[in-house]
Structures are given as C-alpha cells and as structure tokens.
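Subject: Structure for your reading, with notes

Dear colleague,

I am handing over the structure we spoke about, together with the notes I made while going through it. Please look at the sequence and the model before reading on.

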Amino acid sequence: MEVDEEGKRKMPRVAKVKNKMPAPVQITAEQLLREAKERELELVPPPPKQKISDPDELQDYKRRKRKMFEDNIRKNRTVMTNWIKYAQWEESQKEILRARSVFERGLDVDHRNVTIWLKYAEMEMRARQINHARNIWDRAVTILPRANQFWYKYTYMEEMLGNIAGGRQVFERWMEWEPEEQAWHSYINFELRYKELDRARMIYERYILYTYKIILLLSARRIYERAVEFFGEDNMDERLIVAFAKFEEGQREHDRARVIYKYALDHLPKDSCPEIYKAYTIHEKKFGSRAAIEDVIVSKRRFQYEEEVKTNPLNYDAWFDYLRLLESDGEVEQVRDTYERAIANIPPSKEKRHWRRYIYLWINYALYEELEAEDVDKTRDVYKACLDIIPHKIFTFAKIWLLFAQFEIRQKNLQGARKVLGTAVGKCPKNKLYRGYIELELQLREFERCRILYEKFLEFGSENCTTWMKYAELETILGDIDRAEAIYELAINQPKLDMPEVLWKAYIDFQIEQEEYDKTRALYRRLLERTHHVKVWISFAHFEKSIETEDRLENTRKVYSDANKALKKAGEKEERLMLLESWQEFEADQGDSSSQSRVGKLMPQKVKKRRKVQTEDGSDAGWEEYYDYIFPDEEAAQPNLKLLAIAKKWKQTQEEQEEDEEGQEEEERTEAGKGEEGRRSPGEEKEGQDNNETGDFDDRDDSISSTSSESSSSDEG
C-alpha cells in the first residue's frame with residue numbers, strides 16, 4: 001500500500017471497466033462445473049497422518065476429539081449415530097468408563113433405540129465385562145420385550161459362556177411373552193443340543209397348547225364376526241360392539257379394536273353410540289397415539305355438532321363450527337355435502353339482518369371450493385346460486401358481487417368481472433358497488449370507463465360529497481383542470497349534500513394548489529354568504545396571511561375586521577371571542593404595538609352571572625351560575641357596568657387604606673411595649689397580655705364586620 005509524504009496511507013485505485021459490452025464467448029455455469037469435474041478441483045487430499053509421541057500431545061488430541069463429539073451431540077442430540085461414534089472412539093482409546101457414560105447418556109435421550117442397546121452390550125462383551133453385559137441385556141429385554149434380537153443375543157451369549165441354566169432361564173422369560181413360532185423352535189433346538197429330550201418334549205407340549213389357544217381365539221373372533229353379520233346395522237346393539245372391541249383389546253390387537261370402534265361410529269345411528277364413544281375414548285387414551293386421541297375427540301365433537309344442527313337448522317354459528325371442523329380433516333366430498341345442507345336453510349324472513357350470518361356460509365363455501373378444492377367451475381356455480389337466492393329488490397349484499405368479480409379477475413376473465421359488476425349496479429345500485437367497480441377500472445387504467453361510472457354514481461347519489469371529490473381528484477390527476485373545476489362547481493351548487501363543509505374545503509384547497517388566489521377569495525366570499533361560522537373566517541384570514549404579497553397584512557386585518565362585524569351582528573359571543581383570540585395571535589406575530597393595542601381594546605370582559613333554571617313542567621329549579629362576555633362596544637348599552645367598575649375601584653382603595661392604618665397601629669404598640677417593660681410587674685404583665693388578646697380579638701371582629709359590609713355593598717352595587 002502506498003504512503004504519501006505526510007505518512008498517510010493511500011487507497012489503491014480500482015480499475016474501471018471501460019468496455020461493458022458482453023464478451024463474444026460466454027461461459028455458462030454448466031461449462032464451469034464440467035471443467036471443475038475434469039480438473040478434480042473439489043477433490044481434497046486426505047489429511048496427513050498424525051503421529052503422537054508425547055503424553056501431553058495425546059491429551060491435547062483427546063481433548064480436541066471430545067470437544068468435536070460434544071459439539072456434534074449438542075447440535076443434533078437425537079441422532080444416535082453421534083452417540084455411538086463417540087462411545088466407540090472412547091472404547092478405541094481404552095476409556096471403558098467414559099464409553100459407558102456416553103452410552104448411558106445416549107439411552108437417556110432415546111431408550112427405545114435398538115442399535116444403541118446392541119452396541120452397548122457388544123462393547124461390554126468385547127471388554128470381557130460379562131456381568132455388565134448381562135445387566136445391559138436384562139435392561140434391554142425388560143424395556144423392549146418384543147425386540148427378538150435382544151433375546152437371541154442374550155441366549156447366545158449365555159450359551160457361549162457355558163451357562164446353560166442361565167440360557168434356559170432367559171428362554172423361559174422369553175416364552176412368557178408368547179413370541180412367534182421361530183422363538184419356540186429356537187428353545188427346542190437349544191434343549192436338543194444338550195440332549196435334554198424331556199425338556200424339549202415339554203416345550204413342544206406348551207407350544208401346542210399355545211397354538212390351540214390361538215385357534216380358540218380365532219374361533220371366538222369368528223363368532224363375534226358372525227354375530228355382527230347376523231344382527232346387521234339396523235338391529236345392532238352397542239353392547240355387542242363394545243364386547244367385541246374389548247375382546248380384541250384383551251388379545252393386544254389394538255388395531256383391530258380401533259377398526260371395530262370406527263366401523264360402529266360410521267354405520268350406527270349417532271344417538272345409539274354414547275357407550276361406544278366412551279369406550280373408544282378410554283381405549284385410545286390407554287393405547288393410542290396423540291393423533292388417535294384427537295381423532296376420537298373430533299368424532300365426538302362432530303356428533304355434538306350434528307345434534308345441534310338437527311335441533312336448530314337456522315343456528316348458523318353451529319354450522320360454521322361444524323364446517324371448520326370438517327375442513328380440518330380434508331375430506332372434500334363430506335365438506336361439500338355439509339355445505340349444501342347448511343345453505344339449504346334459507347332465513348324465513350326478508351329482513352337483511354337475518355341474512356347477514358347466512359350469507360357468510362355462501363362466502364366460505366365459495367372460498368373453500370376455490371382455495372382448498374381448487375374447482376373453478378364449482379366456485380362460479382356457488383356464486384351464481386347465491387346471487388339467485390338473494391332478493392335483490394328488497395336488499396342485496398355488495399360483498400358477494402365484489403367477491404364474484406374478484407374471483408373472475410383471478411381467473412383472468414376480465415369481461416366476466418365487468419359483466420358481474422355491471423349487472424350489480426344495474427339491478428341493485430349501492431355506493432360500495434360503484435366504488436368497487438371504479439377501483440377495478442382505475443387499476444386497469446381505463447379512465448374513460450371511470451368517468452362514465454362516476455357520472456352514473458352521481459346520478460344515483462348526488463348528495464355524496466366524497467364521490468364529487470374523488471371524481472374531481474381523478475380529473476386533477478389526469479391533468480384536466482377545467483373539468484375538475486367544473487365538477488366542483490356542480491357539486492357546491494347541489495341543493496342537498498351530506499358533508500358540504502368538507503366539499504367546500506376540498507374546492508378551496510384545489511384552487512390554492514392551482515395558485516388561483518382570486519378564485520379562492522371569491523370562493524370564501526361565496527361560502528360566507530351561506531354561513532358565518534367562525535372557522536370559515538379564521539381559515540380565510542390564514543389564507544390571506546399565507547399569500548406572499550405586499551398587502552397581505554392589510555388584507556388579513558380587513559378579513560378579521562369584517563368577521564368581527566359579522567359575528568357582532570349575529571350575536572355569537574363565544575365565536576367572536578375565538579376570532580379575536582386568533583386576531584390577537586396574528587398581531588402578536590406580525591403586527592406592531594399600535595395594532596396590538598387596538599385589538600386588545602376589542603377583547604371582552606368575562607363576567608359571572610346568575611339565572612333561573614326551570615324544569616320541563618315550568619316549575620323553578622333554583623339558580624345557576626354562568627359566564628358571559630361583555631365587549632367594549634356593548635358597555636354603552638349597559639350603564640350598570642360603569643357603576644360596577646367604580647364600586648370595584650372604591651373597594652380596592654378602602655382595602656389599601658385599612659392595610660396602611662393597621663401597619664401604623666402595630667408600630668405604635670411595639671414602641672409603647674418596649675418603654676414599659678422595666679416598670680411592669682408580673683401580674684400586670686399577665687393582665688396586659690389578656691388585654692392585648694381581647695383587643696386583638698376585637699380588632700379581628702371589626703375587620704370581619706367591615707369585610708362583610710364591603711361585600712354586601714358590592715353585591716348591592
């Protein structure tokens with residue numbers, strides 16, 4: 001890296017590619033892979049063999065290997081191969097105790113894995129730890145008695161050790177589990193190898209009795225099957241089904257018992273199966289998996305929902321829950337059949353509030369056919385059938401029409417979507433339908449169609465201010481300013497509007513954006529001819545203030561002055577106060593001291609008054625206090641205001657004089673007390689203190705009486 005004269009490093013210059021045209025010969029990814037294969041670039045040479053000649057080096061090697069194995073186990077704890085490799089490596093290092101620890105940790109993770117038990121026992125046998133191996137085999141056959149491989153290995157080990165009695169004992173333990181035929185033959189051959197003919201003969205007899213027992217069980221099963229066939233589905237008793245299933249459960253044929261329960265629940269009437277449901281639930285909780293238990297619970301819930309919808313077919317909430325349960329199973333035909341049953345329950349009345357929940361059955365049905373069943377034709381039929389049922393002359397549901405049109409759009413059928421929406425606005429026009437149709441055409445950039453739709457929309461509802469504003473906004477976006485202005489003019493001249501203030505504000509904002517300030521002033525004047533609301537005047541003043549002209553301050557003051565006169569004439573005191581406060585803020589920001597004082601003189605005085613309160617029947621309910629505002633130009637009309645002001649001023653003067661007199665008296669008492677302190681006896685001092693206290697009390701009474709007299713005089717004034 002280069003270094004300049006000051007010792008700072010210079011960054012190397014990056015070469016710029018001048019010719020960015022593609023090369024005449026392009027190299028593909030396939031060619032790169034082929035060349036890599038030919039050159040064998042991915043073949044990594046084997047790592048060099050490491051020769052350890054030092055105890056410290058050996059300990060370091062063991063530490064690294066153990067860390068590698070522990071990391072692998074930490075990443076994939078449930079992969080038993082990692083545990084087995086770890087234990088085998090410890091065995092190769094003659095670390096038997098460590099190997100045992102690894103195997104035990106692996107068994108804590110998955111004790112039902114057959115391979116790890118086999119590897120563990122084989123390691124102990126290789127290490128000639130016979131008792132440890134026996135212990136492992138005992139644990140294995142206790143936990144997994146149906147794994148025949150454990151029994152074969154266990155008996156083979158005992159026989160190789162010459163422990164014939166121990167091997168015979170293992171075989172006896174095995175036979176208690178009634179294994180398959182090959183296990184019996186292995187036991188017989190074991191006895192024959194050691195010339196124990198009587199024992200072999202006894203084992204044969206036990207095997208024959210076991211086979212006979214199986215035959216009896218098969219006969220009992222045939223009897224149950226014949227009973228089920230004899231009674232049939234019409235005359236079946238649930239006690240027979242429960243007994244048959246419990247028989248199979250006693251023979252540890254849990255799959256057979258499960259099939260019997262399911263057959264009964266699918267073919268017998270639902271009201272005759274409570275005991276079967278109960279027994280099936282108990283069986284699955286004992287011997288079934290989590291999925292099987294959930295299946296039983298779902299079957300029970302399905303039975304409950306069936307009872308609910310049979311009791312009250314118009315309970316649409318029960319239908320929703322039932323259909324949601326069936327959709328989770330994924331059986332399409334069953335879900336369709338249930339939807340058909342649900343939508344057949346049409347509300348009896350023609351009131352829209354009774355149809356709101358019912359319509360969502362159709363919506364869910366159509367969405368299920370489109371998204372889950374992926375049947376386009378069936379979805380279209382569902383929408384059409386729904387639209388045929390709704391009494392459009394009384395009411396309609398815009399959601400159905402819009403969902404149908406959106407479905408056609410997803411199927412790339414634009415003409416079909418337009419046909420659906422055109423039928424909707426022609427048969428049952430609604431604001432939501434028009435807005436949805438216009439939104440569709442806007443997304444397609446069909447602006448002429450949007451104009452036609454807006455015209456139809458305004459013919460349908462000319463009082464909707466939002467429609468007028470959206471139409472004008474569209475024309476503004478398209479750059480047709482004259483057309484937008486004409487739309488606003490038509491809108492404000494309508495005899496009836498739902499939100500006229502919003503429309504006027506939008507028109508004024510439109511003219512301000514176009515910088516048509518004269519037209520904006522004219523609009524404000526036209527609006528003020530219709531209303532004298534204070535917010536309109538304040539907005540007008542803010543508009544004049546925002547224009548960057550030389551006479552903007554004079555124009556703003558003129559607007560405030562006109563507004564003050566108009567509100568004074570209208571007698572709106574609170575609105576007039578709001579206007580003056582806004583005017584005062586304007587003068588504080590833009591005006592001088594003279595203009596501020598002029599506005600300050602116009603501010604009213606806040607006065608508390610009382611008035612009688614009357615109830616609805618005309619009787620008196622007492623008095624209430626309220627605040628009123630007295631403006632300076634109203635004081636001439638109310639002469640009592642001057643009298644009140646004079647009385648208030650006189651009261652303040654009296655209070656100041658009393659305070660001065662009290663201060664002088666207090667000073668005189670203090671000076672007199674200092675002069676008589678040396679000549680006064682204790683008794684006289686006490687008497688003087690008492691006199692002072694009474695004197696103070698008398699003064700306090702005088703002050704209270706004077707205050708009360710002043711307040712009474714002020715009330716009279």
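Predicted model: local features only at pLDDT ≥ 70, side-chain atom pairs only at ≥ 80, totals over all residues.

The protein has 32 helices and 2 strands, and of its 717 residues 33% count as buried. When contacts between residues at least 6 apart in sequence are considered, 46% of them join residues at least 24 apart.

The largest nonpolar core has 98 residues, of which Leu361, Ile400, Tyr488, Leu503 and Leu579 touch the most other members. Helix 17, which spans residues 352-372, provides the largest share of this core, with 9 residues. Apart from this core lies another, of 42 residues, which includes Met80, Trp83, Ile116 and Tyr120.

Two helix pairs come next. Helix 19 (residues 398-410) and helix 20 (residues 414-427) pack at an angle of about 165 degrees, and their axes are 7 Å apart. Because angles over 145 degrees count as roughly antiparallel, helix 19 is described as roughly antiparallel to helix 20. The crossing of helix 19 and helix 20 is left-handed. On the side of helix 19 the contact is made by Trp401, Leu402, Phe404, Ala405, Glu408 and Ile409, which meet Leu414, Gly416, Ala417, Val420, Leu421, Thr423 and Ala424 in helix 20. Sorted by class, this contact of helix 19 with helix 20 has 10 nonpolar, 2 polar and 1 charged residues.

The second pair is formed by helix 29 (residues 573-590) and helix 30 (residues 593-602), which pack at an angle of about 165 degrees with their axes 9 Å apart. That angle makes helix 29 roughly antiparallel to helix 30, and helix 29 passes helix 30 in a left-handed crossing. Here Leu580, Trp583, Gln584, Glu587 and Ala588 in helix 29 meet Ser595, Gln596, Val599 and Leu602 in helix 30, and the residues of this contact divide into 5 nonpolar, 3 polar and 1 charged.

Arg418 lies in helix 20 and, at 10% relative accessibility, counts as buried. Leaving aside its neighbours within four places in sequence, Arg418 is in contact with Tyr437, Glu441, Leu444, Glu446 and Arg449. Arg168, whose place is in helix 8 (residues 164-175), also counts as buried, since its relative accessibility is 14%. With neighbours within four places in sequence again left aside, the contacts of Arg168 are Tyr187, Phe190, Glu191, Glu196 and Arg199.

Glu158 is found in helix 7 (residues 148-160), and its relative accessibility of 2% is why Glu158 counts as buried. Its contacts, apart from neighbours within four places in sequence, are with Arg134, Asn163, Gly166 and Gly167. Glu158 and Arg168 are 10 residues apart along the chain, and their C-alpha atoms are separated by 9.0 Å.

Most residues other than glycine have a negative phi. Arg128, however, has a positive phi, near 60 degrees; Arg128 is placed in the loop between helix 5 (114-126) and helix 6 (130-143), and at 71% relative accessibility it counts as exposed. Lys195 likewise has a positive phi, of about 60 degrees, although it is not a glycine. Lys195 lies in the loop between helix 9 (181-193) and helix 10 (197-231), and, with a relative accessibility of 70%, Lys195 counts as exposed.

With kind regards

Technical notes: Residues numbered from 1 in each chain as written. Heavy atoms only, no water. Axes fitted to C-alpha atoms, helices over the stretch in contact; angles between N-to-C directions. Helix = DSSP H or I, 4+ residues; strand = E, 2+ residues; numbered from the N terminus. Parallel < 35°, antiparallel > 145°, perpendicular 65-115°, else oblique. Left-handed = near helix turned anticlockwise from the far one by under 90°. Contact = heavy atoms within 4.5 Å. Nonpolar A, V, L, I, M, F, W, Y, C, P; charged D, E, K, R; others polar. Core = buried A, V, L, I, M, F, W, Y, C linked by side-chain atoms within 4.5 Å. Buried < 20%, exposed > 50% of the residue type's maximum accessible area, 1.4 Å probe, protein only.
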